[in-house]
Number of protein chains: 2
Amino acid sequence: MHEKERHRIILSAVQEKPVVTVQEMVELTDSSEATIRRDIAALHVQKRLRRVRGGAEAISPPQFIGLAGRPFSVNETLNAAQKRAIAREAVNLCKDGEPIIINGGTTTFQMVHFLTGRRMPIFTNSFPIAEHLLKHSKNTVMLSGGTIYREQNIILSPFDNDVTRNFYARRMFMGAQGLGPLGLMEGDPLLIQAEQKLIDQADELVVLVDSSKFRMRSSLILCGLSRIATVITDDGIEDREAKMLETAGVALVVARKQSSDKEESSLQA
Amino acid sequence: MHEKERHRIILSAVQEKPVVTVQEMVELTDSSEATIRRDIAALHVQKRLRRVRGGAEAISPPQFIGLAGRPFSVNETLNAAQKRAIAREAVNLCKDGEPIIINGGTTTFQMVHFLTGRRMPIFTNSFPIAEHLLKHSKNTVMLSGGTIYREQNIILSPFDNDVTRNFYARRMFMGAQGLGPLGLMEGDPLLIQAEQKLIDQADELVVLVDSSKFRMRSSLILCGLSRIATVITDDGIEDREAKMLETAGVALVVARKQSSDKEESSLQA
DNA sequence: TCACAAACGATCAATATCGATCATATTGCA
DNA sequence: TGCAATATGATCGATATTGATCGTTTGTGA
């Protein structure tokens with residue numbers, strides 16, 4: 001077996017299990033302890049994994065891998081203040097008792113902070129959102145069924161006949177990767193799939209996007225502007241972008257950051 | 001088992017329950033008291049948990065109460081050692097890659113601790129089980145859709161057309177309130193509903209009950225003995241109860257509590 | 001208060017892992 | 001093919017970890 005192949009095997013093993021032993025790798029690659037040790041040492045200096053007594057461990061997450069996974073947590077801190085302000089406005093649209101749908105995403109996740117005191121039926125396809133609402137609020141939480149995708153932090157069923165079809169809400173809240181004249185754009189096909197399932201289950205579609213999203217482009221179009229009832233964004237939105245929404249008959253809410261929110265990395269575009 | 005892996009297990013356990021004993025960790029990791037003490041001491045100086053007499057406690061004060069709410073957590077400490085031993089045997093029945101269904105419950109919840117190193121498609125209707133597997137393992141987690149019932153900690157859809165129908169597994173694991181000649185008994189109508197949805201989605205039905213359940217009676221019968229493939233219980237089971245199962249053609253696995261049962265007692269009755 | 005059991009800390013032997021070294025095998029190249 | 005460079009496997013002394021034992025401390029209940 002070649003060095004590269006062993007490295008590949010070791011790395012993939014250490015991805016699956018947070019910690020692997022030298023013995024396990026010996027069995028898996030059918031090579032000697034000495035070789036595996038050398039491999040681990042080499043991968044260690046390459047910072048591809050961390051060498052520990054007895055084997056190796058994954059370098060990236062010293063603690064949790066699943067839920068607070070990479071894509072979610074890096075994205076989470078991005079423009080946090082804006083996202084919070086936007087999320088606050090989103091929750092302000094809701095009345096107690098009124099059922100809503102919250103699509104998974106880092107911006108929509110911020111809504112949970114303002115939902116703690118509420119009492120509403122909330123349907124979501126996001127595991128972290130459900131988890132937080134369950135632990136920190138009295139809302140009725142409903143979850144879509146299916147496989148939990150760790151990367152995207154959403155739950156998605158490959159079948160059409162899931163509970164999603166049985167829930168109908170006043171509003172659906174969702175984020176997006178981009179928003180332009182052609183409509184709502186998303187980057188991940190999996191997210192598209194999840195969103196398209198929910199999009200028809202509510203009267204009004206409310207889109208939460210920070211203003212930088214107006215300058216993002218993506219290849220995957222989810223739906224046209226006409227389908228959107230309301231857009232909530234921050235005050236970085238430019239006039240022509242606001243005009244575009246107005247022309248399409250989309251209501252616009254501009255969220256101002258509160259005094260309590262940090263006033264630092266305000267607009268970058 | 002390796003130091004890092006034990007540390008991971010201990011930390012994950014201390015997150016599930018605010019306090020864990022040295023004995024529990026000995027059982028969970030199959031290592032000696034001395035080792036566990038050293039581990040706890042090490043994690044203590046790393047400030048990853050707080051060392052207390054008899055075991056360790058979470059470093060952060062009681063954070064969440066919502067999810068691990070009363071009905072779940074009081075039940076959880078009840079016969080904990082037996083439940084764990086039973087759960088261990090249950091996981092021993094599984095092979096990697098083999099899809100299984102885990103019905104929600106305090107006994108079945110214990111299975112998660114032994115599933116951390118596995119790689120299996122796991123379908124469950126229990127939010128805590130899904131949460132734990134997601135955070136502490138690499139298994140593929142699938143969740144049933146519907147409303148999350150806080151009391152019972154399960155997810156249930158009032159509709160028949162959910163994803164549940166699309167998942168078929170080798171085995172389904174479930175607990176029960178009672179087990180007698182008439183079959184499997186449950187106390188909560190909601191649980192009955194949840195269980196009946198899943199019960200036909202697997203080849204074999206494996207029931208996890210501590211021996212006290214043989215003397216419990218309940219008014220709600222879920223299914224007859226003939227439907228059950230295997231019962232896993234502790235050594236408190238009496239002869240006539242064992243005979244009853246034998247007569248009904250149900251395989252019986254008796255989990256021994258304290259012995260370091262590294263060698264699985266593979267009796268395929 | 002006292003007796004008793006559980007938990008603890010220290011110690012030591014057994015075991016596992018490591019690092020270094022050398023012999024052997026494979027690969028690359030002239 | 002022959003040779004050098006590199007990779008691999010094996011051995012062995014050094015070191016770290018583990019589990020068992022034992023005496024001591026701590027908590028509990030009569």
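User: Which helices each supply at least two residues of the surface near DNA strand D?
Analyst: They are α3 (33-45) of chain A together with α3 (33-45) of chain B, where helices (H or I, at least four residues) and strands (E, at least two) are DSSP runs, numbered from the N terminus. This is a predicted model, in which local features need pLDDT of at least 70 and side-chain atom pairs count only at pLDDT 80 or more, while totals for chains, interfaces and linings use all residues. Residues are numbered from 1 along each chain as its sequence is written, and chains are lettered from A and ligands numbered from 1 in the order in which they are written.

User: And which one gives the most there, with how many residues?
Analyst: α3(B) gives the most to the surface near DNA strand D, with three residues.

User: What about DNA strand C? Which residues are closest to it?
Analyst: The closest are A:V22, A:R53, A:G54, B:R53 and B:G54, out of 13 residues that surround DNA strand C. At least two residues of that surface come from each of α2 (22-29) and α3 of chain A and α3 of chain B, and its residues divide into four nonpolar, five polar and four charged.

User: Switching topic: at what angle do α2 and α3 of chain B pack?
Analyst: Helix α2 (residues 22-29) of chain B packs against α3(B) at an angle of about 110°, with the axes 9 Å apart; axes are lines fitted to C-alpha atoms, for helices over the stretch in contact, and angles run from 0 to 180 degrees between N-to-C directions. That makes α2(B) roughly perpendicular to α3(B), a label for angles of 65 to 115 degrees.

User: Which residues make that contact?
Analyst: From α2(B) they are B:V22, B:M25 and B:V26, and from α3(B) they are B:E33, B:I36 and B:R37, with two residues in contact if their C-beta atoms, placed from the backbone, lie within 7 Å. Four of the contact residues are nonpolar, none polar and two charged.

User: How many residues does each chain put into the A–B contact?
Analyst: Chain A gives 35 residues and chain B gives 32 residues. On the side of chain A that touches chain B, α8(A) gives the most, with six residues, and by class that side has 15 nonpolar, 13 polar and seven charged residues.

User: Which strands pair between the chains?
Analyst: β7(A) and strand β6 (residues 140-143) of chain B pair in the antiparallel sense over two bridges, and strands count as paired if DSSP finds at least two bridges between them. The bridge partner of A:G146 in β6(B) is B:L143.

User: Last one: what is the strand order in the open sheet of chain B?
Analyst: The order is β10-β11-β13, three strands with antiparallel pairing. β10 (178-180) and β13 (220-223) of chain B stand at the edges with a single partner strand each, so one side of each is left without a neighbour in the sheet. From one strand to the next, the twist averages 35°.

Definitions and conventions. A residue is near a molecule or strand if its C-beta atom, placed from the backbone, lies within 6 Å of it. Ala, Val, Leu, Ile, Met, Phe, Trp, Tyr, Cys and Pro count as nonpolar, Asp, Glu, Lys and Arg as charged, and the others, Gly among them, as polar. Angles under 35 degrees count as roughly parallel, over 145 as roughly antiparallel, 65 to 115 as roughly perpendicular and the rest as oblique.
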